[in-house]
Amino acid sequence: MQPEQSMIRNKLGMKLGLVIIAVFIIVLSTLGFTIDRMFTNFYNTEMSIEVDELATHFAMMAESPDAPTEQMLLKFADFSNVSIFYVNEQGQVQAYSGADELAGASFIEQTDVSAIFSGQTVRLKYEAASGNRYIITAKPIIDQRTEDNQIQSALYVLSSSKHMDDSIVAMRKLLVLSGVGAFLLALGITWIIAHLLSKPLVQMQQATRKIAVGELETRLEIPRNDEIGSLAAAINNLAEELQQYRDTRQEFFANISHELRTPITYLEGYSKVIKEGLYSTEEERDQYLDVLHQEAKRLQHLVDDLFELSKMEEGKVSLSLEWVDLAEVIDNAVQKVDLKARDKGLTLTASLNRGSAWIYGDGLRIEQVIINLLENSVRYTEQGGISITLDQTDRFVYVIVQDTGIGIAEEELPYVFDRFYRVEKSRSRQYGGTGLGLSIAKKLVELQGGEIFVRSKLGEGTSFEIRFQREEEGGMA
Ligand SMILES: Nc1ncnc2c1ncn2[C@@H]1O[C@H](COP(=O)(O)OP(=O)(O)OP(=O)(O)O)[C@@H](O)[C@H]1O
Ligand SMILES: [Mg+2]
């Protein structure tokens with residue numbers, strides 16, 4: 001199991017991690033690129049404007065009537081941290097000030113000079129041998145003393161972009177640094193998310209495996225109220241239900257084998273007695289045969305009940321639903337049980353409100369339930385009587401079967417509807433029940449949307465109530 005677990009974690013973690021990291025890289029690189037472009041463009045524009053302004057300024061100073069001398073102008077340039085070059089029409093430098101590396105004046109080209117001498121402003125970029133870059137604006141200086149405003153010389157103003165380049169490099173460093181930081185953060189987040197997601201999944205996988213091989217006590221402890229938490233809760237539920245199912249099934253089989261063994265022992269014993277002639281009178285023999293007959297009938301009854309029950313458990317019982325008149329159903333049931341009651345010297349009275357006790361159900365099944373209740377009453381009553389009542393309120397139609405029998409102790413009441421449950425095991429021999437009747441009755445009533453209740457007092461009597469919700473439409477037909 002070990003390698004498989006880690007595989008799941010790796011798979012999930014890997015997938016998530018790759019996605020998150022890919023998104024981060026894409027976002028970061030576009031962002032970084034854009035910021036870099038923005039800054040670089042901004043700096044470049046700013047510098048060009050500045051150099052342009054300086055050039056205009058110097059040109060104006062040089063042109064003004066009370067112009068300072070060339071030497072003074074060169075000094076000004078030094079103060080302004082720029083280099084300036086006076087160039088004549090042939091491209092020769094007449095005077096300059098500024099950085100030594102520019103002394104070669106290799107940035108001066110004849111085409112530019114001609115353009116300047118035809119009155120244009122020229123803008124250039126130049127990279128010195130040292131790698132320093134310069135932004136250059138060159139302007140004509142017009143000699144205003146001459147008639148036709150002759151151009152006297154070209155004025156080159158150069159400003160080093162070293163400052164700007166340094167700033168850009170610093171900014172790029174910062175960008176890269178924050179990029180790496182963000183990337184590490186992404187890795188961390190990925191790891192945490194993968195861990196948070198995959199750890200409970202791995203736990204659940206292990207748990208379901210255990211449940212699958214029958215370790216039904218397995219429970220998950222993932223107290224979260226998100227989807228993962230509710231999945232874990234669902235798995236716990238499943239395990240609980242399976243456990244319950246397994247327990248009741250085991251109990252069920254134990255009960256069945258017990259119930260079968262008893263009558264079979266009787267059959268075996270008494271048939272042996274008869275076969276070997278171990279009786280003295282005909283009467284005795286008849287008595288034994290009677291027992292055999294009783295036990296065979298009991299087996300038949302048990303098998304029928306079990307069959308019925310298993311059909312219901314599988315949900316295979318088919319109800320033929322129609323509108324039935326409960327009064328009629330009760331009449332039929334009473335008729336069938338009446339003889340048994342009279343045999344035992346019990347009175348069986350029915351008081352039926354024959355108004356409109358119609359329900360949508362399976363008449364024969366309801367009759368079966370009522371016969372079951374009536375037979376129980378007859379069986380567990382020694383003297384007195386049994387009454388059956390049919391009545392209704394505006395919400396319910398109800399049937400009550402009441403007897404003056406031996407009753408059921410309060411602590412036993414919650415179990416009487418359980419399969420194979422009999423109040424005191426000794427009753428079964430005396431009265432001959434299997435403990436399945438009420439559980440079948442309850443199932444049948446519930447299948448038809450009804451409810452069943454019991455009330456009893458030990459030694460005084462018992463009453464069972466079946467209740468169906470009233471349905472208005474069609475019922476009056
Ligand atoms: N009217 C009643 N008075 C007293 N005890 C009752 C009454 N009805 C049921 N019981 C008790 O409840 C138990 C369960 O009843 P249930 O009908 O399920 O089984 P049973 O009558 O013993 O067997 P079966 O009906 O399967 O032949 C009975 O064994 C009996 O002890
Ligand atoms: Mg019964």
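Predicted model: local features only at pLDDT ≥ 70, side-chain atom pairs only at ≥ 80, totals over all residues.

Mentor: We begin with annotations: UniProt positions are given in the numbering used here, feature names are shortened, and annotations may be inferred rather than shown by experiment. In this numbering, residues count from 1 along each chain as its sequence is written, with chains lettered from A and ligands numbered from 1 in the order in which they are written.

Trainee: Where does UniProt place the feature "transmembrane region"?

Mentor: The unreviewed UniProt entry places it at residues 12–35 and 174–197. Helices (H or I, at least four residues) and strands (E, at least two) are DSSP runs, numbered from the N terminus. Residues 12–35 are 100% helix, with end C-alpha atoms 34 Å apart; residues 174–197 are likewise 100% helix, with their end C-alpha atoms 34 Å apart. The entry also places "domain: HAMP" at residues 195–247, a span that is 74% helix and 0% strand.

Trainee: Which domains does the domain assignment give?

Mentor: Domain bounds come from an automatic or database domain assignment. Here it gives domain 1 (2–167), domain 2 (246–311) and domain 3 (318–469). The C-alpha centres of domain 1 and domain 3 lie 106 Å apart.

Trainee: In what sense do strands S3 and S4 pair?

Mentor: Two strands pair if DSSP finds at least two bridges between them. Strand S3 (residues 122–127) and strand S4 (residues 133–142) are antiparallel, over six bridges. Tyr126 stands opposite Tyr134 in S4. Five residues lie between the strands of this hairpin, where Gly131 has a positive phi near 100°.

Trainee: How many aromatic pairs does the structure hold?

Mentor: Rings of Phe, Tyr and Trp (its six-membered ring) pair if their centres lie within 6.5 Å; planes under 30 degrees apart count as stacked, over 60 as edge-to-face and the rest as tilted. The structure holds 10 such pairs. The pair of Phe107 and Tyr126 is tilted, because the ring centres are 5.5 Å apart and the planes stand at 55°. Phe107 lies in the loop between strand S2 (93–97) and helix H3 (110–117) and Tyr126 in strand S3, so the pair ties together parts that are 19 residues apart in sequence.

Trainee: Are Phe107 and Tyr126 buried or exposed?

Mentor: Buried means under 20% relative accessible area, exposed over 50%, and partly exposed in between (1.4 Å probe, protein chains only). Phe107 and Tyr126 are both buried.

Trainee: Which residues have the most contacts inside the largest nonpolar core?

Mentor: A nonpolar core is a set of buried Ala, Val, Leu, Ile, Met, Phe, Trp, Tyr and Cys residues joined through side-chain atoms within 4.5 Å. The largest has 51 residues, and Leu326, Ile370, Leu374 and Leu390 have the most contacts inside it. Helix H7 (residues 326–343) gives the most to this core, with eight residues. Domain 2 and domain 3 each supply at least three residues to this core.

Trainee: What is phi at Phe420?

Mentor: Most residues other than glycine have a negative phi. Phe420 has a positive value near 65°, in the loop between strand S10 (396–403) and helix H9 (426–431). Phe420 is buried, at 3% relative accessibility.

Technical notes: Heavy atoms only, no water.
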